[in-house]
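Welcome, and take a moment to look over the chain before reading on. We will walk through it together, one topic at a time.

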Amino acid sequence: MDRINIIDFGSQYTQLIARKVREQKVYCQIIPCNAGTGKILEGNPSGLILSGGPSSLFDKNAPTIDAEIFSAGIPILGICYGMQLTALLLGGKVQRSREREYGHAILKLARNDSAGWLFSGMPDATQVWMSHGDSVLKAPPGFETIASTDNCRIAAMADKKRRIYGLQFHPEVAHTLNGHKMLSGFLFKVCGCKGDWTMDSIIEQSVQSIQEQAGKAKVVLGLSGGVDSSVAAVLISRAVGNQLHCIFVDNGLLRMNERQEVEKVFKKQFRIPLMTVDASKRFYSKLKNVQDPEKKRKIIGKEFIEVFAGAARKIGKVEFLAQGTIYPDVIESVSFKGPSATIKSHHNVGGLPKNMRSLKLIEPLRELFKDEVRQVGLSLGLPREMVMRHPFPGPGLAVRVLGEVSKERCDILRAADRIFIEEIRNAGWYDRISQALAVLLPVRAVGVMGDERTYQNVLALRAVNTTDFMTAEWTRLPDDLLARVSNRIVNEVKDINRVVYDISTKPPATIEWE
Ligand code: XMP
């Protein structure tokens, strides 16, 4: 299978480059620029892409790579910083600039022979997206300028013989109108990739490598009902059948019917050995009198591990622990920038107990982006509703019942949340929203019902759209949909007399309220 290595110089767009490459059915990996030449050339890649980055080549400690990689005979595409570095390392000149060029520009192709296949099928002029400070003043020996913009004379350069290319703009962003064509020119015509990294081939390869890894040993997996652990479970089960044992912990903080749905899909449809542990009482009692969100998270994480480990002991001798880790989680921890400050401490694996630490890990989704995980899930026959589900936090409703958590308050929230999600689905809005949730507030409000004054709970609804969950915009839901939801909730859910809609963006607000 072909493979492209993307060398990361810390650009905010590195992940996007990877996604654009994979969309063309070519497998790629992101490798931090400081990982060393061995890593950079790992896996015998068909081509390298050098990403952009926030640094200037004139900075002290500006990131670089060994110039040797340019003599490895592998096609290379340098983007933005990657192009400047290419120019510098191969004997060209880069000029420092105090001002950044940021935004749209019109790229005019030189139409000389040097561009080769990179620009095949492109118009003579096309819109591109620029975001750079420094620029290449003189292309290195052997290179020719293959395109310019008004502000940037060497907007693209090429050494067709050595198959080394540089683009000052960003072909990976949507603002570069023919970016897709340029990448596909590089991948297929320059690097000779075949584009055979399909869902079927991903599944086939995963199944094979899980079988090789696990042999005849037992594998245990904590199923949460979320997309990642569900897809991992079905994939592993396809590879090792009944050697896989899933454990589902009902912590009392789940949404309505969640446990039943998980049982239906995994036990009935896929016939995967599944142990469900009802630990809700234990969780409610540990959460009694606890108000602080971080404390709640810690308690839930700790209890989960204990309950999970207790259940796992009943399975007998287990050698492998399976997890639904996906590629963005991996990149976060290996990125050139180091683990990002935004990484969350909340994932429910607050450290395994001693007897489980010796387990070896199986993480079949480690190389996939979320949308790829979803595709795999659909191909494996998981119900669409489960695969396309909005994210749900590990601590569940505990961080949506603000203040102290109790079964009664979780029940109120469950009923309201179900109505909200049901109405959104019925109105055809569910797939247009990144995440929708209901929050039970720790205040009471005065209301009137019939002739009587009420003094009851306030419920907040939140719906957001986001691509990365780091920033988010509140969703402009139609008034009539909101009206229907509000009306149903106050009528059907006991103890709620007021519904509000959250219109805060992230930042400064977060998606969850706690
Ligand atoms: P925030 O609230 O930080 O949420 O804007 C961003 C995304 O993370 C989810 N989230 C969590 N997920 N455990 C999780 O597994 C948590 O403690 C947690 N807190 C927030 C949130 O639902 C959103 O998708």
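This is a predicted model: local features need pLDDT of at least 70, side-chain atom pairs count only at pLDDT 80 or more; totals for chains, interfaces and linings use all residues.

A salt bridge is a side-chain nitrogen of Lys or Arg within 4 Å of a carboxyl oxygen of Asp or Glu. In general, an α-helix has 3.6 residues a turn, so residues three or four places apart point the same way. Lys20 is partly exposed, with a relative accessible area of 25%, and Glu23 is partly exposed too, at 47%.

Other pairs reach further along the chain. Arg3 forms a salt bridge with Glu42, and 3.7 Å lies between the closest N and O atoms. Arg3 sits in strand 1 (residues 3-8), while Glu42 is in the loop between helix 2 (37-40) and strand 3 (47-50), so this pair ties together parts that are 39 residues apart in sequence. Is Arg3 buried or exposed? Its relative accessible area is 13%, so Arg3 is buried. Glu42, at 32% relative accessibility, counts as partly exposed.

Now move to Glu514, which forms a salt bridge with Lys296; here the closest N and O atoms are 2.8 Å apart. This pair links distant parts of the chain, 218 residues apart: Glu514 is in the segment after strand 20 (496-501), and Lys296 is in helix 9 (residues 293-313). Glu514 is buried, with a relative accessible area of 17%, and Lys296 also counts as buried, at 0%. Salt bridges can share partners as well, and in this way Arg418, Glu422, Glu423, Arg484, Arg488 and Glu492 are joined into one network. How many salt bridges are there in the whole structure? A search finds 36.

Next, let us turn to open space. The second largest pocket has a volume of about 540 Å³. It is lined by 21 residues, and those closest to its centre are Glu261, Glu385, Arg389, Ile421 and Arg425. Helix 7 (258-269), helix 13 (384-387) and helix 14 (407-426) each supply at least two residues of this lining. Which of them gives the largest share? Helix 14 does, with five residues. Sorted by class, the lining of this pocket holds 10 charged, nine nonpolar and two polar residues.

What about bonds between cysteines? A search of the whole structure finds zero disulfides. Take Cys33 as an example: the closest cysteine sulfur, in Cys80, is 14 Å from its own, which is too far for a bond. Cys33 counts as buried, at 3% relative accessibility. Cys246 is buried as well, with a relative accessible area of 2%.

Our last stop is helix 4 (residues 179-190). At 1.5 Å a residue, its 12 residues should span 16 Å, and the end C-alpha atoms are 15 Å apart, which agrees. Several residues of helix 4 are buried, including Met182, Leu183, Phe186, Leu187 and Val190. Gly179, Ser184 and Gly185 are among the buried residues of helix 4 too. After helix 4 comes Gly192, which has a positive phi, near 75°.

Definitions and conventions:
Residues are numbered from 1 along each chain as its sequence is written. Side-chain values use heavy atoms; hydrogens and water are left out. Helices (H or I, at least four residues) and strands (E, at least two) are DSSP runs, numbered from the N terminus. Buried means under 20% relative accessible area, exposed over 50%, partly exposed in between (1.4 Å probe, protein chains only). On a 1 Å grid over the protein atoms alone, a cavity is a set of points where a 1.4 Å probe fits but cannot get out, and a pocket is an open set with protein on both sides within 12 Å along at least five of seven lines; lining residues have an atom within 4 Å of a point. Grid points are joined across faces, edges and corners, and a volume is the space filled by probe spheres set on the points. Ala, Val, Leu, Ile, Met, Phe, Trp, Tyr, Cys and Pro count as nonpolar, Asp, Glu, Lys and Arg as charged, and the others, Gly among them, as polar. A disulfide is a pair of cysteine sulfur atoms within 2.5 Å. The expected span of a helix is 1.5 Å times one less than its number of residues.
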